[in-house]
Amino acid sequence: MNSEPIPLSKALASFDALWSPRIVTRVNNYDVRIAKVEGEHIWHVHDDTDEFFLVLDGELHISLREPGGERTVPLPQGAVFTVPRGTEHKPHAPSGAAILMFEPTGTPTVGDRHDEIPDHVDATTGHALNT
């Protein structure tokens with residue numbers, strides 16, 4: 001783990017890939033991941049863990065399939081939102097965004113169950129940050 005502060009702007013500038021999170025640091029057994037996102041991710045679900053989102057730049061929308069129906073939560077810059085475990089969801093960013101997520105180390109970006117994975121979505125447990 002890095003023992004020096006990590007400027008998030010520098011970390012975000014170190015890569016261009018979309019929907020391909022980088023692990024900035026770890027807290028206990030959780031990864032702190034950042035990602036650049038644009039367009040649509042896929043419908044997926046994490047059976048055993050919540051998923052925390054913080055929008056650093058831009059706007060992220062998260063569509064949710066809940067018992068009462070489907071809804072979309074808009075998240076402007078600076079907003080946080082937690083998708084509860086077991087909730088099917090699909091993040092999308094029509095105009096692009098930079099996000100920060102907390103997830104247990106080893107959590108796949110496409111969840112435990114998901115739609116077919118398109119080429120623009122990286123199915124990963126996070127990549128090392130190379131700053």
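## Glu 70 and its partner

The side chains of Glu 70 and Arg 65 are joined by a polar contact of 3.4 Å. A polar contact here is a pair of N or O atoms within 3.5 Å; within protein, one must be able to donate a hydrogen and the other to accept it, and residues adjacent in sequence count only if both atoms are side-chain atoms. Keep in mind that this is a predicted model, where local features need pLDDT of at least 70 and side-chain atom pairs count only at pLDDT 80 or more, while totals for chains, interfaces and linings use all residues. Residues are numbered from 1 along each chain as its sequence is written, and side-chain values use heavy atoms, with hydrogens and water left out.

Glu 70 sits in strand E6; helices (H or I, at least four residues) and strands (E, at least two) are DSSP runs, numbered from the N terminus. Is Glu 70 buried or exposed? Glu 70 is exposed, with a relative accessible area of 54%. The scale goes like this: buried is under 20% relative accessible area, exposed is over 50%, and partly exposed is in between (1.4 Å probe, protein chains only). Setting aside neighbours within four places in sequence, Glu 70 is in contact (heavy atoms within 4.5 Å) with Trp 43, Leu 64 and Arg 65. Val 24 is another story: 46 residues separate Glu 70 and Val 24 along the chain, and their C-alpha atoms are 32 Å apart.

## The greasy middle

Now for the nonpolar cores, which are sets of buried Ala, Val, Leu, Ile, Met, Phe, Trp, Tyr and Cys residues joined through side-chain atoms within 4.5 Å. The largest one has 17 residues, and those with the most contacts inside it include Val 37, Phe 53, Ile 62 and Leu 75. Strands E2 (30–40), E4 (51–58), E5 (60–66), E6 (69–75), E7 (80–83) and E8 (88–104) each give it two or more residues. E8 supplies the largest share, four residues.

Take Leu 75: beyond its neighbours within four places in sequence, its contacts include Phe 53, Leu 60, Val 80 and Phe 81. Apart from this core lies another, of nine residues, with Leu 12, Phe 15, Ala 98 and Leu 129 among them.

Glu 51, in strand E4, is buried yet has no salt bridge, meaning a side-chain nitrogen of Lys or Arg within 4 Å of a carboxyl oxygen of Asp or Glu. Its nearest side chain of opposite charge, Arg 33, is 6.3 Å away; Lys and Arg count as positive and Asp and Glu as negative, with His and the chain ends not counted. What Glu 51 does have is a polar contact of 2.8 Å with the side chain of His 89.

Lys 36 belongs to strand E2. A polar atom of its side chain lies 2.5 Å from the backbone oxygen of Phe 15. Lys 36 and Ala 98 are 62 residues apart along the chain, but their C-alpha atoms are separated by 4.6 Å.

## Two positive phi angles

Most residues other than glycine have a negative phi. Trp 19 has a phi near 55°, a positive value, and so does Asn 28. Trp 19 is in the loop between helix H1 (8–13) and strand E1 (22–27), while Asn 28 is in the loop between E1 and E2.

Which of them is buried or exposed? Trp 19 is buried, with a relative accessible area of 6%, whereas Asn 28 is exposed, at 73%.
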